[in-house]
Amino acid sequence: VEEVNQEAVMKLLDDSEDLIAPVENPFLKSKGAKRYLFLGPNEQIRDDEGEVAFQAGPVGGFAYFFGENIKNISCRFYPIASSGQVCNRAKMTGDMNCSLLPRDVSCEDLQVPETGIFIKTEWF
């Protein structure tokens, strides 16, 4: 778990507003989590000068926002420790289909470029 610096928190809130979802899990809510966002593999959040303010881990993870007041919001990043590579972030509302993927799956294994559909063509 890594604390996200305040500058990166503000950029996330400004730039990713449509991708931030409310926390619905009762356990996470009881710990103070209000909203969350998926960050993709090695995704970078840059400050106004273009410098990297925060970078997600090699397979991405979830940033959880704590607090109601915009000036006091904190954010903690929980990296994905063991899973197939996640190739693109998604708003985590509505129906989702998923499957277990091998640890070394590549984005090329999953995406059909002409359709934008993600599939796995060769199973382990």
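This report describes the strands, charged pairs and aromatic rings of one predicted protein model.

## Basis of the description

Because the model is predicted, local features are given where pLDDT is at least 70 and side-chain atom pairs where it is 80 or more, while totals for chains, interfaces and linings use all residues. Residues are numbered from 1 along each chain as its sequence is written, and side-chain values use heavy atoms, with hydrogens and water left out.

## The open sheet

Five strands form an open sheet with antiparallel pairing, in the order E1-E7-E6-E3-E2, where two strands count as paired if DSSP finds at least two bridges between them. The edges of this sheet are E1 and strand E2 (21–22), each of which pairs on one side only.

Strand E6, covering residues 61–66, has five of its six residues buried; here buried means under 20% relative accessible area, exposed means over 50%, and partly exposed lies in between, for a 1.4 Å probe and protein chains only. Six bridges connect E6 in the antiparallel sense with strand E3 (residues 33–39), and leucine 39 stands opposite glycine 61 of E6. E6 is also joined by six bridges to strand E7 (residues 74–79), again running antiparallel. Along this pairing, tyrosine 64 has arginine 76 of E7 as its bridge partner, and phenylalanine 66 has serine 74 of E7.

## Salt bridges

A salt bridge is counted when a side-chain nitrogen of Lys or Arg lies within 4 Å of a carboxyl oxygen of Asp or Glu, and the whole structure has four of them. In one of these, the side chains of arginine 76 and glutamate 3 meet at 3.6 Å, N to O. This pair links distant parts of the chain, since arginine 76 belongs to strand E7 and glutamate 3 to strand E1 (residues 2–3), 73 residues apart. Arginine 76 is partly exposed at a relative accessible area of 29%, and glutamate 3 is also partly exposed, at 48%.

Another salt bridge joins glutamate 68 to lysine 34 at 3.5 Å, N to O. Glutamate 68 lies in the loop between E6 and E7 while lysine 34 lies in strand E3, so the pair ties together parts that are 34 residues apart in sequence. Glutamate 68 counts as exposed at 62% relative accessibility, whereas lysine 34 counts as partly exposed at 34%. Elsewhere, salt bridges with shared partners join Lys11, Asp15 and Asp48 into one network. Aspartate 15 counts as exposed, with 53% relative accessibility.

## A buried aspartate

Aspartate 47 lies in the loop between strand E4 (44–46) and strand E5 (52–55). This aspartate is buried and yet has no salt bridge, the nearest side chain of opposite charge being that of arginine 46, 7.0 Å away; Lys and Arg count as positive and Asp and Glu as negative, with His and the chain ends not counted. When neighbours within four places in sequence are set aside, aspartate 47 is in contact (heavy atoms within 4.5 Å) with Glu7, Lys11 and Ala53.

## Aromatic rings

Rings of Phe, Tyr and Trp (its six-membered ring) form a pair if their centres lie within 6.5 Å, and planes under 30 degrees apart count as stacked, over 60 as edge-to-face and the rest as tilted. The structure holds five such aromatic pairs. One of them, between phenylalanine 54 and phenylalanine 77, is edge-to-face, with 5.3 Å from centre to centre and 70 degrees between the planes. Phenylalanine 54 is in strand E5 and phenylalanine 77 in strand E7, so the pair ties together parts that are 23 residues apart in sequence. Both count as buried, phenylalanine 54 at 5% relative accessibility and phenylalanine 77 at 2%. Ring pairs also link Tyr36, Phe38, Phe62, Tyr64 and Tyr78 into a cluster.

Arginine 76 lies over the face of phenylalanine 66, at 4.1 Å from the ring centre; a charge sits over a ring if NZ of Lys or CZ of Arg is within 6 Å of the ring centre and within 35 degrees of the ring normal.

Key. Helices (H or I, at least four residues) and strands (E, at least two) are DSSP runs, numbered from the N terminus.
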